[in-house]
Amino acid sequence: MEKYLELKKEYTDIKEEALELLIDRLYELGVEGVEVKAPLNKEEIDTIDGDFLDLKLLQQDKTTVILYIKEEEYIKNLENIRRLIAPFDMAEVEDEEKWLLAYQKYFKVFKPGKLFVIVPEWEKYTPEPEELIIKINPGAAFGTGTHPTTKNVLVLMEEIDFLDKEIADIGTGSGILTIGSILLGAKEVTVVDNDAKAVEVARENMKEYLNISYQVNDLLKDINKKFDIVLANIVADVLLDLAKSIKANLKEKGKIIVSGIIADRWLEVDRAYKDQGFSLVKMIEEEGWHTALYERNK
């Protein structure tokens, strides 16, 4: 069995949204499991985009993040891992099956909307005729789709016609939205991320799927193509930049789904897209996160 390492990092003050983005980035660098012990007054265990979170009534002063990674992946990505979380404590995992089993215990079949079903590879699931199955496993850089930022993009995707459409997935991360687009009948999906490593991970995760192209790029800058639908599950600041230029890459009456917007940035993002000639079709708010579908109307 391959050797796993445990990396432990403590934070005295880290916001939830910052922690989520950090975890997503660490998955792209080879991390396979995350355990978070946070000083929150919650008596249930929750999940954030695939992570096993122990959020019981832990009256502690610090947030402890424990990462599990194969030794070879750690060595390969050491420089970037250090840049993100140094200093940290490291130890060899004595029983890697222990955390994998704990991970699987809380990582169950999940249906975000009416069509998509997220199914861990170890679970047996018999789909209904209309259901679309996205298979995932804990060893890949996949989120589970349970966090509102991903979940509600999937929900809104089900309300759009993807058949034979050209799609852009910006800041693709794990690729779960790209796979969803293919399952909905997209003609082609262009995967875009400004991080070469993230694109490499996405390519590996989706090697069995056809009609996907990959771009290491800053948003859609210098990509001379117009899309029917753009998916952008990022953060508010980047979405504001995207609003200024997205019309150049979106067909007339084209649609864009934006997500990753915390509550106090929603009005700012909404105004930016409306000012650029987009109409709001639908917005979903859940747990302080906003996801919105817009249509270009001029």
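Biologist: How many bridges join strand 14 to strand 15?

Modeller: Two strands pair if DSSP finds at least two bridges between them. Here strand 14 and strand 15 are joined by 8 bridges and run antiparallel. Within strand 15, tyrosine 294 is the bridge partner of leucine 280. Please note that this is a predicted model, in which local features need pLDDT of at least 70 and side-chain atom pairs count only at pLDDT 80 or more, while totals for chains, interfaces and linings use all residues. Residues are numbered from 1 along each chain as its sequence is written, and side-chain values use heavy atoms, with hydrogens and water left out.

Biologist: What is the order of the strands in the open sheet?

Modeller: Strands (E, at least two residues) and helices (H or I, at least four) are DSSP runs, numbered from the N terminus. The open sheet has 7 strands in the order 11-10-9-12-13-15-14, with mixed pairing. Its edge strands, strand 11 (212–216) and strand 14, each pair on one side only. In the whole protein chain there are 9 helices and 15 strands.

Biologist: Which strands does helix 6 lie across?

Modeller: Angles run from 0 to 180 degrees between N-to-C directions, and axes are lines fitted to C-alpha atoms, for helices over the stretch in contact. Helix 6 lies across strand 9 (166–170), strand 10 (188–193), strand 11 and strand 12, and runs at about 170 degrees to strand 10.

Biologist: At what angle do helix 8 and helix 9 pack?

Modeller: Helix 8 (residues 236–245) and helix 9 (residues 266–275) pack at about 10 degrees, with their axes 9 Å apart. The two helices are therefore roughly parallel to each other, a term for angles under 35 degrees. Contact means heavy atoms within 4.5 Å; Ala236, Leu239, Leu240, Leu242 and Ala243 in helix 8 meet Glu268, Val269, Ala272 and Tyr273 in helix 9.

Biologist: Is threonine 149 buried or exposed?

Modeller: Buried means under 20% relative accessible area, exposed over 50%, and partly exposed in between, with a 1.4 Å probe and protein chains only. Threonine 149 has a relative accessible area of 10% and is therefore buried. Threonine 149 belongs to helix 5. Beyond its neighbours within four places in sequence, threonine 149 is in contact with Asn233, Ser259, Gly260, Trp289 and Thr291.

Biologist: How many residues of helix 5 are buried?

Modeller: In helix 5 (residues 148–157), 10 of its 10 residues are buried. Their cover includes strand 7 (116–120) and strand 13 (250–262). Across the protein chain, buried residues make up 53% of the 298 residues.

How values were computed
Angles under 35 degrees count as roughly parallel, over 145 as roughly antiparallel, 65 to 115 as roughly perpendicular and the rest as oblique.
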